[in-house]
There are 2 protein chains.
Amino acid sequence: MLHLTISQGDGTPIYAQLVQQIKTLIATGRLKPDGELPSVRQLAQQLVINPNTVVRTYRELETEGLVYKKRGAGTFVSAEVTPYTEEVCREILGKRLDVLIVEGINMGFDKTQLINLLQDRWKALEQTKQEEEGD
Amino acid sequence: MLHLTISQGDGTPIYAQLVQQIKTLIATGRLKPDGELPSVRQLAQQLVINPNTVVRTYRELETEGLVYKKRGAGTFVSAEVTPYTEEVCREILGKRLDVLIVEGINMGFDKTQLINLLQDRWKALEQTKQEEEGD
DNA sequence: TAAAGTGTATTACACTATCGATACAGTGAT
DNA sequence: ATCACTGTATCGATAGTGTAATACACTTTA
């Protein structure tokens, strides 16, 4: 059973929380390509939310090419990670980096500090992956 | 007069677009500490939007400590950039970096590529700053 | 003090997002 | 064919968001 949690009442929508968590699971390899995700109803029951909310989560992930669905069978992690060209990926990530950089500068960070932070976070993310694999 | 533009009809709210643009102007030094921003009414007229939308923009910026307001006088760029401790800043930026890293991994980027992208964008941002100063 | 500028507060309203209830449709094992 | 499982589609209640209209209060300048 997947480690998924939601915080109700928090401003962020349930489906968005789930999208982010599942993305992380995929990125860190805890959800393998062609691995099956919980069914819409099962996950809904597990989290005590409406099946439609799970549907929306999966649709969002499908739009980004991270999962594919087989009607009547289930929802699975995509083997090919992304439907975008590398050029488009650079553009998307670049724009998001821009606003992050601006925040950083306004908070008094310099380039080196930001890069260090990035490296720390990357390491931490891989760390959690290792620990999970110890299951 | 500030170079501010908005795209109506685009999903992103006007006030959010303005917040981001003004943040960039501050981060790149094109708006100097204690420099005065356009008045609520003036900017509203310039962009053909409601003054309240500008009010919201400025309030957002004030909450983050980037500007301060003098009732009856105007809105100004803060001298001290941020009201947060470095620890809190790291936390905020770190969380945002986490989701960006996950996106990056899912798009097939490795750590080096992401750092390179970060450096490129940082350089580009400083570039535009230089150009503006040539006015 | 008067005028003309500043930001503030209140109210209204259209629009959208979010989530739930419920009925439908495809798939696969028996 | 049937059953039990998948995902799908549609509708609606509700709350929240984004923007506007308009009247208010403070400051500065003359």
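DNA strand D is surrounded by 22 residues of this predicted model, where a residue is near a strand if one of its heavy atoms lies within 4 Å of it. The closest are A:V40, A:R41, B:I14, B:N50 and B:N52. Sugar and phosphate account for 63% of the atoms of DNA strand D that come within 4 Å of the protein. The model is predicted, and local features need pLDDT of at least 70, side-chain atom pairs count only at pLDDT 80 or more, and totals for chains, interfaces and linings use all residues. Residues are numbered from 1 along each chain as its sequence is written, chains are lettered from A and ligands numbered from 1 in the order in which they are written, and side-chain values use heavy atoms, with hydrogens and water left out.

Several polar atoms approach DNA strand D. An N or O atom in the side chain of B:T53 is 3.3 Å from a phosphate oxygen. A base nitrogen of DNA strand D lies 3.3 Å from a polar side-chain atom of A:N52. Two or more residues near DNA strand D come from each of α2 (40–47), α3 (51–63) and β2 (74–77) of chain A, and from each of α1 and α3 (51–63) of chain B. Here helices (H or I, at least four residues) and strands (E, at least two) are DSSP runs, numbered from the N terminus. α3(B) gives the most, with three residues. This surface divides into seven nonpolar, nine polar and six charged residues. Ala, Val, Leu, Ile, Met, Phe, Trp, Tyr, Cys and Pro count as nonpolar, Asp, Glu, Lys and Arg as charged, and the others, Gly among them, as polar.

DNA strand C has 21 residues around it. A:N50, A:N52, A:R71, B:V40 and B:R41 come nearest. Of the atoms of DNA strand C within 4 Å of the protein, 62% belong to sugar or phosphate and the rest to bases. A backbone N or O atom of A:N50 lies 2.8 Å from a phosphate oxygen of DNA strand C. For a polar side-chain atom of B:T75, the distance to a phosphate oxygen is 3.2 Å. The largest share of the surface near DNA strand C, three residues, comes from α3(A).

The two protein chains also meet. In contact (heavy atoms within 4.5 Å) are 41 residues of chain B and 42 residues of chain A. The buried area between them is about 4,700 Å², of which carbon and sulfur atoms give 72%. Buried area is the accessible area (1.4 Å probe) that two parts lose on being put together, summed over both. In chain B, B:N106, B:R121 and B:W122 lose the most area to chain A, together 17% of what that side buries.

Ten salt bridges link chain B and chain A, each a side-chain nitrogen of Lys or Arg within 4 Å of a carboxyl oxygen of Asp or Glu. One of them joins B:R90 to A:D120, with the closest N and O atoms 3.5 Å apart.

A rotation of 180 degrees with 0.0 Å of shift along its axis superposes chain B on chain A (RMSD 0.1 Å). The two copies are therefore related as by a two-fold rotation axis.

Note on methods
A polar contact is a pair of N or O atoms within 3.5 Å; within protein, one must be able to donate a hydrogen and the other to accept it, and residues adjacent in sequence count only if both atoms are side-chain atoms. Copies are superposed by least squares on the C-alpha atoms of residues with pLDDT of at least 70 in both.
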